[in-house]
Amino acid sequence: MENQFFVQKNQNSPLVIDGHSDLLSDVQIQREKGRRKVIETDYYERLAAGGVNIIVAALYVDSSFLPEMGLRKALGQISYLYEEVQESPEKLMICYNGEDMERAKQMGKIGFLLAIEGAEPIGTDLSLLRVFYELGVRNLGLVWSRRNAVGDGSFFQPIREGRKGGITSFGVKVIEEAEKLGITIDVSHLNDEGFWDVMEISKKPIIASHSNARSLCSTMRNLTDEQILAIASKNGVIGVNAASLLVADEDTNCNIEYLINHVDHLVKVAGIQHVGIGLDLCEGLIKYMSPADLANIPRKPFDVISGHQEIPLFIEGLIDRGYKGNEIEALLGGNFLRIFKG
């Protein structure tokens, strides 16, 4: 099947959903500097070139703002996204469910579905979860790679720490309330102890929006084969992550081919219906790093895909590996669509 079929934005092309993006962090910084139409100006062309229809946009709060500013920063990102959509109504829209995702594609717009990456914005106030739901949040990453009131995160590299914990008593209430509201639970960034707690507590399909296979790259941020099978057993989806730290243990192996190795492994273990893309492209945020931080980046490039415009190269790689049209459609967005249609 011709690659062009997959990247043309028309009624016949497949729905492409990136299950995780931190672009709202950039949007927030830029708008607070006085800029407008940040997504249309800085992101739209690359998203369109990659055939992307939907971005699951994470509300992420940097540790430097916690705990005092967590709620304010998250609400600010939501407000800015709504302003961006209002400024670019012909190109962008907000999605609240899978049906809206399909509508965005039909209208030729790029849709944004909100997610929380780390439950710090709700603090210990369970009632705030409904507030975020009413504002459009439909995916909840319980933790980032740090501890919060819900549970413990998994670190990218081993660090000196005390005894790890699983999901807290408050975290149990958060999971139950989220599923009652219709918010999907996301286990990316969660430690192993918390992961298995979620498997026992959750009653609905869960996702790992941006995680790879630990057997191919040993960071704790990735999933063991047992965890991959557990997600599949709940009819969930795992989104492959393009961050080089999660793709390979060696710099020389950080490229799209090795990312597709993760697709192959996840498909082999879980089945084609449980794999998607959650690219987590962060190159756009590196401009905010200090020279000292830049010098300490363990991998260059940071992402094995330099931007959404390179998704066609990823698709070509899938075709070369023998994936068929319906399988590629499922990987690019069909599987995540199933989750968000409920």
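**Entry 1: terms and place.** I take helices (H or I, at least four residues) and strands (E, at least two) as DSSP runs, numbered from the N terminus. With that, I find Ser209 in the loop between β7 (207-208) and α9 (225-233). I note that residues are numbered from 1 along each chain as its sequence is written. The model is predicted, so I note that local features need pLDDT of at least 70, that side-chain atom pairs count only at pLDDT 80 or more, that totals for chains, interfaces and linings use all residues, and that side-chain values use heavy atoms, with hydrogens and water left out.

**Entry 2: the whole chain.** I count 14 helices and 9 strands in the protein chain. The C-alpha atoms fill a box of roughly 50 × 45 × 45 Å along the principal axes. I looked up the radius of gyration, which is taken over C-alpha atoms, with a globule rule of 2.2 Å times the number of residues to the power 0.38. For 342 residues a compact globule would come near 20 Å, and the chain's 18 Å agrees with that.

I use "buried" for under 20% relative accessible area, "exposed" for over 50% and "partly exposed" for in between (1.4 Å probe, protein chains only). Buried residues are 58% of the 342 in the chain. Contact means heavy atoms within 4.5 Å. Of the contacts with a separation of 6 or more, 72% join residues 24 or more positions apart.

**Entry 3: Ser209.** Is Ser209 buried or exposed? Ser209 counts as buried, because its relative accessibility is 0%. Leaving aside neighbours within four places in sequence, I find Ser209 in contact with Gly19, His20, Asp186, Ser188, Gly239, Gly278 and Phe336. I also checked Asn261, 52 residues from Ser209 along the chain; their C-alpha atoms are separated by 18 Å.

**Entry 4: cavities.** Rolling a probe the size of a water molecule over the atoms shows where empty space is left. On a 1 Å grid over the protein atoms alone, a cavity is a set of points where a 1.4 Å probe fits but cannot get out; a pocket is an open set with protein on both sides within 12 Å along at least five of seven lines; lining residues have an atom within 4 Å of a point. Points are joined across faces, edges and corners, and a volume is the space filled by probe spheres set on them.

How many cavities of 30 Å³ or more does the whole structure hold? The search finds 2.

Entry 5: Of its 18 lining residues, Gly182, Thr184, Ile339, Phe340 and Gly342 lie nearest the centre. α7 (169-181), β6 (184-186) and α14 (325-341) each give two or more. Which element gives the most to this lining? I find that α14 does, with 4 residues.
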